[in-house]
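This report describes the architecture of a single protein chain, from its sheets and helices down to individual contacts.

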Amino acid sequence: MLRRLLTPIRGLPTPPRPPRRPGLPRPLRRFVPRSVRARATAAAGTVLAAALALAGAGLLTALHADLVASAASATRQQAESVAQLAVQGRLTPVLHAGHGTDFLQAVDAHGTVLAASPNLAGRTALTAAHRTGSRTTDDVDPLYDHHRQRLTAVTADTPGGPVTVYAGASLRAADEALDTTQAALAVACPLLLLIGVVVTWRVTGHALRPVEAIRAEVDAITGRDLHRRVPEPGTADEIARLAATMNAMLDRLEASGRRQRQFIADASHELRSPLAVLRTQLEVADTHPDPAVRAELVHGALQDTDRLQSLATDLLLLARLDAGGAEDRPRQRIDLTGLVAATVLGRPAGPHRRTTDLAPAVAVEGIPLWLGRLLTNLLDNADRHAAGAVHVRLAADRARGVAVLDVEDDGPGIPPADRERVFERFTRLDDARSRDEGGSGLGLPIARDIARHHGGTLAVTPTPSGARLTATLPLAAVPPAPDPLAPAPGPAVPPASASRTPFDGHPPTEV
């Protein structure tokens with residue numbers, strides 16, 4: 001059955017497959033290190049090996065160039081000295097090699113040896129076709145030591161004709177030094193590479209040990225033990241900040257879970273009593289013989305049904321606010337002055353006198369339906385506790401960039417200890433615990449959540465008598481000035497504003 005559901009329906013386009021990420025061929029992927037520790041060690045080992053290879057090659061090249069340059073300099077100086085003797089006519093048959101030179105030979109233009117060092121006595125000319133200069137050669141081995149020779153030739157014009165002086169030095173010492181250096185590098189470089197890889201492996205493992213501890217702890221945390229926290233290392237590095245951030249997230253999750261459980265428990269408790277009363281009323285109405293009593297019971301059941309519907313609506317709005325529904329809804333510029341005036345004017349007449357003091361042209365940005373709900377909840381709370389009067393005041397605090405809305409009643413007030421508790425869900429003070437008063441304990445929490453989602457606040461402001469709830473909302477940005485070349489718009493409806501004028505069919509102030 002599952003395979004049948006997963007099979008694409010014929011005639012419908014098959015969704016395109018996601019593009020394959022470029023990478024190594026599949027047979028080579030098994031050789032790629034899996035863990036961060038192994039990848040870091042492999043990368044460090046590769047870089048270190050390349051650095052050691054380059055350093056070794058550079059060292060051998062520099063050493064070889066220095067040794068050859070030293071031999072070339074010594075042989076050139078010796079050859080120039082002998083050539084100077086030949087020019088002066090003081091060339092002797094036996095030449096004595098100086099420091100850095102192993103053999104000497106002077107040859108005329110016909111290839112006849114005129115003078116030579118003792119180790120070349122009786123030997124033929126070294127070469128007849130060699131031009132003036134210095135070179136390293138393997139063709140000339142007058143000492144039979146089977147090593148390269150550094151041969152320098154200098155030609156001088158003498159009274160008897162041109163004479164070429166050859167001065168040479170064996171590169172045996174240079175070759176031995178290069179061989180020794182190569183052997184040392186062959187041992188030292190792998191040893192250094194091994195030490196570097198081991199140190200990188202140990203250091204990386206030590207650095208990643210807190211990450212593994214964090215992973216293991218997070219993997220062990222379930223929804224039943226959100227009180228657990230990941231270990232925080234004492235270092236002030238990125239891993240310590242990661243652990244602190246993880247613990248802060250766990251704090252938020254624990255608080256959210258606690259609020260959710262409390263909310264479910266409170267909602268269950270709040271729904272249980274009306275449902276029990278509704279069931280009782282319907283059972284009695286179903287069995288009672290008197291039609292008048294049955295009608296009264298059905299009327300009471302309808303009232304309880306309305307209360308349940310209102311409670312369910314409040315719970316749905318709270319769930320939407322908790323889920324961040326305000327961010328997904330489009331916001332618009334709202335004439336808050338007109339919204340407050342219309343909300344107050346649209347309320348049914350009651351036993352309390354309502355007055356308003358509204359600043360003109362106060363505009364905010366938000367969701368009109370939700371801001372209207374905020375005003376309605378504040379007015380419902382004020383009507384429920386007022387003794388005889390409710391006053392609504394709206395002002396614009398341009399210095400702080402906020403609109404200030406005060407809803408004040410002349411009731412018993414809110415004790416200082418309860419000024420934050422009234423914003424907790426399903427909270428009723430002692431004088432308002434009766435459900436017959438119509439309060440569910442969700443009006444003020446919903447109003448505060450709406451204010452916060454609009455970037456504002458809602459709090460209880462201390463007053464000498466009664467209670468005052470103050471909401472602040474960010475003012476809307478000032479619209480740009482109209483273009484003087486644009487066509488004039490039609491007549492605009494002025495925003496509603498009032499200053500203590502009666503509400504009885506006239507411009508609003510008292511109801």
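## Basis and overall make-up

Two strands are taken to pair if DSSP finds at least two bridges between them, and helices (H or I, at least four residues) and strands (E, at least two) are DSSP runs numbered from the N terminus. The model is predicted, with local features requiring pLDDT of at least 70 and side-chain atom pairs counted only at pLDDT 80 or more, while totals for chains, interfaces and linings use all residues. Residues are numbered from 1 along each chain as its sequence is written, and side-chain values use heavy atoms, with hydrogens and water left out.

The protein chain has 10 helices and 12 strands. Of its 511 residues, 36% are buried, where buried means under 20% relative accessible area, exposed means over 50% and partly exposed lies in between (1.4 Å probe, protein chains only). Contact means heavy atoms within 4.5 Å; among contacts between residues at least 6 apart in sequence, 61% join residues at least 24 apart.

An open sheet is formed by five strands in the order 7-9-10-12-11, with mixed pairing. Its edges are strand 7 (353-358) and strand 11 (457-461), each of which pairs on one side only. On average, neighbouring strands of this sheet are turned by 15° against each other, direction ignored. Strand 7 pairs with strand 9 (residues 389-397) in the parallel sense over six bridges, and in this pairing the bridge partner of Thr 355 is His 391 of strand 9.

Helix 9 lies across strand 7, strand 9, strand 10 (402-409), strand 11 and strand 12 (467-474), and runs at about 25° to strand 10. Helix 10 (residues 443-453) also packs on the sheet, where it touches strand 11 and strand 12, and its direction makes about 130° with that of strand 11. For such angles, axes are lines fitted to C-alpha atoms, for helices over the stretch in contact, and the values run from 0 to 180 degrees between N-to-C directions.

## Helix 8 against helix 9

The axes of helix 8 (residues 336-346) and helix 9 (residues 368-385) come within 10 Å and cross at roughly 50°. That angle makes helix 8 oblique to helix 9; angles under 35 degrees count as roughly parallel, over 145 as roughly antiparallel, 65 to 115 as roughly perpendicular and the rest as oblique. Helix 8 contributes Leu 339, Val 340, Thr 343 and Val 344 to the contact, and helix 9 contributes Pro 368, Leu 371, Gly 372, Leu 375, Thr 376 and Leu 379.

Eight of the 11 residues of helix 8 are buried, so this helix is largely enclosed by the rest of the structure. Among the buried residues of helix 8 are Leu 339, Val 340, Thr 343 and Val 344.

## Strand 5 and its partners

Strand 5 (residues 161-170) is mostly covered, with nine of its 10 residues buried. Strand 4 (residues 149-158) pairs with strand 5 in the antiparallel sense over 10 bridges, and the two form a hairpin with two residues between them. Within strand 5, Gly 168 stands opposite Leu 151.

Strand 1 (residues 103-108) also runs antiparallel to strand 5, joined to it by six bridges, and Val 107 stands opposite Thr 164 in strand 5.

## A buried loop residue

Ser 117 is found in the loop between strand 2 (113-116) and strand 3 (133-137). Ser 117 is buried, with a relative accessible area of 2%, and, not counting residues up to four places away in sequence, touches Leu 95, Phe 103 and Leu 104.
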